[in-house]
Amino acid sequence: MTSSINRREFLQITTGLSLAGLLPFNAYGQQKSLPVRSIPSTNEPLPVLGLGSTKAVLQIPQSGTQPLLQVIQQLVEAGGRVIDTAPRPEPIDREFGLVLQDARWRDILFVSAKINSPGKQAGIDQLQQTKRLFGRQILDLLQVESMVDLDTHWSSLQAAKSNGDARYIGVTVANTADHDRLAAFMRQAIPDFIQVNYSVAEPQAGAQVLPLAAELGIAVQINRPFMNGEYFQKTRGRELPEWAAEFDCTSWAQFSLKFILAHPAVTCVLTETTNAEHMSDNLQAAFGRLPDAGMQTRMQSLIEDM
Ligand SMILES: NC(=O)c1ccc[n+]([C@@H]2O[C@H](COP(=O)([O-])OP(=O)(O)OC[C@H]3O[C@@H](n4cnc5c(N)ncnc54)[C@H](OP(=O)(O)O)[C@@H]3O)[C@@H](O)[C@H]2O)c1
């Protein structure tokens, strides 16, 4: 949290919001807030599901900010607060910044930002522009996107952390071909966070990167839970297997999200959506049972055979 609100004030805000009636229900019909997991380096709790904002932000010129406002409202009402961002053209990020500064959630959001331009000064300029357009003196998490010019940018991120511009620093990848390079960097630098692609349809990070993150005490955000939508082309027209009920799964979206959340090294999964009903579906994945190792193997085989 970037502001000084305390836990009681935070709970008052979220409890008030839950009166809107959108908080998911648990198996006993009681309203429950999103589960949290600890960031290993500080033990700070983070809700297990966040918003990947790419699509909704890039659509601002065509669709305005209403879809974004709706999915963030839904996330916050469920007790979520993680929003992943990346630098976009200035007019778009100015509009997005106003959304992030909405008084309903400005003080509770955990905003992760990135730099993605090669060159030391270009990266520093991106950091300063993001802080200015998002109206935030302190970014919760600052990452080098897709390890672009990582050797150059890492010292800037370390400086951003020590001078208070960012609370946590890390790197992202979204391509399995980059996992070896990511693992080497994790061993060398031990960042606070990594962001990596992992899902029931793209499970390779489970072999090396996720166990390494657990061993080194690195927090993990997951991207591409639905392979940017490609996963739904595989599952389209197919019935969920009956055994999905054994881990409280009622949709194909939850099928992948529950597979992801079943990995103990995962701190938070980012789901990208412009659709409030989809956000509600995705939030539901954080509640109820998760698949065990045997079930995960079965889930992976089912998707591989599609
Ligand atoms: N290198 C990097 O750092 C990097 C790269 C890729 C991604 N990321 C991060 O990860 C986030 C998510 O990853 P992604 O781009 O791979 O997207 P994704 O979450 O795998 O897939 C998004 C797509 O799934 C659809 N969708 C979402 N929930 C759904 C549901 N319940 N039912 C049906 N369709 C659903 C969305 O459409 P609707 O809008 O219709 O819901 C959208 O088209 C990004 O926003 C970004 O924050 C980072």
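**Around the ligand**

The ligand is surrounded by 28 residues, the closest being Gly52, Thr172, Ala174, Asn223 and Ala253, where a residue is near a molecule or strand if its C-beta atom, placed from the backbone, lies within 6 Å of it. The model is a predicted one, in which local features need pLDDT of at least 70 and side-chain atom pairs count only at pLDDT 80 or more, while totals for chains, interfaces and linings use all residues. Residues are numbered from 1 along each chain as its sequence is written.

By class, this shell holds seven nonpolar, 15 polar and six charged residues; here Ala, Val, Leu, Ile, Met, Phe, Trp, Tyr, Cys and Pro count as nonpolar, Asp, Glu, Lys and Arg as charged, and the others, Gly among them, as polar. At least two residues of the shell come from each of α2 (54–58), β10 (268–271) and α12 (276–284), and α12 gives the most, with three residues. Helices (H or I, at least four residues) and strands (E, at least two) are DSSP runs, numbered from the N terminus.

**The barrel**

Eight strands form a closed barrel in the order β3-β4-β5-β6-β7-β8-β9-β10, with parallel pairing. From one strand to the next, the twist averages 30°, with axes being lines fitted to C-alpha atoms, for helices over the stretch in contact, and angles running from 0 to 180 degrees between N-to-C directions. Two strands pair if DSSP finds at least two bridges between them.

Strand β3 (residues 49–52) is parallel to β10, and three bridges link the pair; within this pairing, Leu49 stands opposite Val269 in β10. Strand β3 is also joined by two bridges to β4 (residues 82–84), again in the parallel sense, and there Leu51 has Ile83 as its bridge partner.

**A loop residue**

Gln208 sits in the loop between β8 (193–197) and α9 (209–216). Gln208 counts as partly exposed because it has 14 C-beta neighbours inside 10 Å, given that a residue is buried at 20 or more other C-beta atoms within 10 Å of its own, exposed at 12 or fewer, and partly exposed in between, with C-beta atoms placed from the backbone. Leaving aside residues up to four places away in sequence, Gln208 touches His179 and Ala183, contact meaning that the C-beta atoms, placed from the backbone, lie within 7 Å.

How values were computed. Contact = placed C-beta atoms within 7 Å.
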